[in-house]
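Please open the structure in your viewer and keep the selection panel at hand.

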Amino acid sequence: MDSFVHRLDPRTKLLCSLAFILAVVLTPAGTWKAYAVYLLIMLGLILLSRLPIKYVAKRSLVIFPFVIMVAIFMPFFKQGQEAVSYDIGAWHIAITYEGLAVLINVVVKSWLCILCLIILSSSTKFEKLLHGMYRLKVPQVFVQITSFMYRYMFVLADQAMRMQMARDSRNFGLNRRNIFKTMGNMIGMLFIRSYERAERIYAAMLSRGYNGEIIVRDQLGFRLPDAYFALALCLLLACPAILWW
Amino acid sequence: MLCDRAIEIKGLSYVYPDGQCGLKDIDLTIYCGESVALIGPNGAGKSTLLLHLNGILRNSHSAVRMLGLPVDDKNIREVRKKVGMVFQDPEDQLFSLNVFEDVAFGPVNMGFSEEEVDRRVKQALQKVGMRDYEKRSSHHLSIGEKKRIAIATVLSLDPEILALDEPTSSLDPRGKWALIKLLSDLPVTRIIATHDLEMVRCLCNRTVLLDSGRIVADGMTGVILGDEALLSAHGLARDATAAEI
């Protein structure tokens, strides 16, 4: 896929995403008009990047289990006007309007942020993203770990799958305790294998002259469209603040 | 440069960190232009010996000289440039996110200019017949393709010595013969650790037999591979227990 957004410098996209997320997080709770502006910006970007809306929407659902896990108890603990209340024995459990508002704010904010990250990750090749991080002076160790993680994630998943197959083909109705035991063994085994692989990779790197520093060839170019894009986005992000405060 | 002795090892011993004996009193001289097979049963010390050739494993008193250079801290860069080490599992050798970066890793580390790096990558990929694979990600290649790219990653440094660990393992016969053809066309000194005797017959004029960390036999490939008793004594041919099959 290719579009204006795809072609932007990864640094522009990384920084703009950061700016967007900061803006969303710093917006006071309950300023719905501001949220609407942010959502419009995201919709505009989705259209501009020609990503299928369905795809983005579907992927953005991933965030909900996490958010709900974190925020589900808000309505119960926040003090304020009670919406519903129950008495169970000596306990008085109440859901407050203020609590519900916090929950909804958290959900909306995280959803906006994840939309932005999905657009970022779907419109930028992983290598470019890493390259951008490197150029933005993100610590090298971090960039390298991310790169290795991405490269070997599939290898590791493959390995885990094969181990699982080997286990299942010898598994004759284990009871639950044993299942956990074999699972523990498998995780341990995977760790040892990864550790050994890491040593071999390091040897392979040394063999080709690695001396602790990854040298990245610069193929990025910050061009005029990048500047326009960044400027436009910042203005849009500032809109709610200028208009309503 | 005077280059008659490519590899010179005198009295090399190595003990694994866990106390197990890896190599014991290895004396071995390989001359430029030779193609030497290093055969032996599993755990004989073949890979360990190879890892000494470019100083990944090192003895305190440098018993190894490559192209006349002792393998020590002072020469390590030069040695690693001249000795191309191809590891058994290409998954370890190809750690970058795409083929180009992997093949360029050595030249970039050696500080070549961008044009020179480009030229070397193109040339190396050309040599292994994978010209169009630059942008592909290593994970999605077949095992045969990975093995070829792994060889290209060291060819890009124009090595004078090629050290290969089990180059034909896990290849199907077609892939194996294609690889043998490829290796036979490379005009470098070769040392190949393997137990693929078919390949040894085709590629190597000299064979060194290693068992339990010692050199047991060293001579013309025809003579050593013709000695059925010697091979079966060291686990490389059918022995008495399998005689009736």
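**Before selecting**

This is a predicted model, in which local features need pLDDT of at least 70, side-chain atom pairs count only at pLDDT 80 or more, and totals for chains, interfaces and linings use all residues. Residues are numbered from 1 along each chain as its sequence is written, while chains are lettered from A and ligands numbered from 1 in the order in which they are written. Helices (H or I, at least four residues) and strands (E, at least two) are DSSP runs, numbered from the N terminus.

**Stop 1: helix α3 of chain A**

Select residues 32–49 of chain A. This helix, α3(A), has 18 residues and reaches 25 Å from its first C-alpha to its last, close to the 26 Å expected at 1.5 Å a residue; the expected span is 1.5 Å times one less than the number of residues.

Colour next A:Ala34, A:Tyr38, A:Ile41, A:Met42, A:Leu45, A:Ile46 and A:Ser49, the buried residues of α3(A). A residue is buried if 20 or more other C-beta atoms lie within 10 Å of its own, exposed if 12 or fewer, and partly exposed in between, with C-beta atoms placed from the backbone. An α-helix has 3.6 residues a turn, so residues three or four places apart point the same way.

Turn to the face directed away from the buried side of α3(A): the exposed residues there are A:Trp32, A:Lys33, A:Ala36, A:Leu40 and A:Leu47. The cover over the buried residues includes α1 (4–7), α2 (10–26), α4 (53–60), α7 (97–123) and α11 (224–244) of chain A. Just after α3(A), select A:Arg50, which takes a positive phi of about 55 degrees.

**Stop 2: A:Val102**

Select A:Val102, which is placed in helix α7 of chain A. A:Val102 counts as partly exposed because it has 19 C-beta neighbours inside 10 Å. Leaving aside neighbours within four places in sequence, A:Val102 is in contact with A:Ala29, A:Met74 and A:Lys78; two residues are in contact if their C-beta atoms, placed from the backbone, lie within 7 Å. A:Val102 and A:Lys78 are 24 residues apart in sequence and 8.5 Å apart in space, C-alpha to C-alpha.

**Stop 3: a helix pair in chain A**

Select residues 140–168 (α9) and 176–207 (α10) of chain A, two helices that pack at an angle of about 140 degrees with their axes 11 Å apart. Axes are lines fitted to C-alpha atoms, for helices over the stretch in contact, and angles run from 0 to 180 degrees between N-to-C directions. From α9(A), A:Leu156, A:Gln159, A:Ala160, A:Met163 and A:Arg167 meet A:Thr182, A:Met186, A:Met189, A:Leu190, A:Arg193 and A:Ser194 of α10(A).

**Stop 4: where the chains meet**

Show both chains. How many residues of chain B are in contact with chain A? There are 25, and they touch 21 residues of chain A. On the chain B side, α2 (76–82), α3 (90–93), α4 (99–109) and α6 (143–155) each supply at least two residues. The largest share, four residues, comes from α4(B).

B:Asn54 counts as buried because it has 26 C-beta neighbours inside 10 Å. Its contacts beyond four places in sequence are A:Ser207, B:Val79, B:Arg80, B:Val83 and B:Met85.

**Stop 5: helix α4 of chain B**

Select α4(B) by itself. Eleven of its eleven residues are buried, and these pack against α5 and α6 of chain B. B:Gly111 follows α4(B) and has a positive phi, near 80 degrees.

**Stop 6: the loop between β7 and α7 of chain B**

Finish at B:Glu166, in the loop between β7 (161–165) and α7 (173–184) of chain B. Phi of B:Glu166 is near 45 degrees, a positive value in a residue other than glycine. Is B:Glu166 buried or exposed? B:Glu166 counts as buried, with 21 C-beta neighbours inside 10 Å. B:Ser170 is placed in the loop between β7 and α7 of chain B, and its phi is positive, near 55 degrees.
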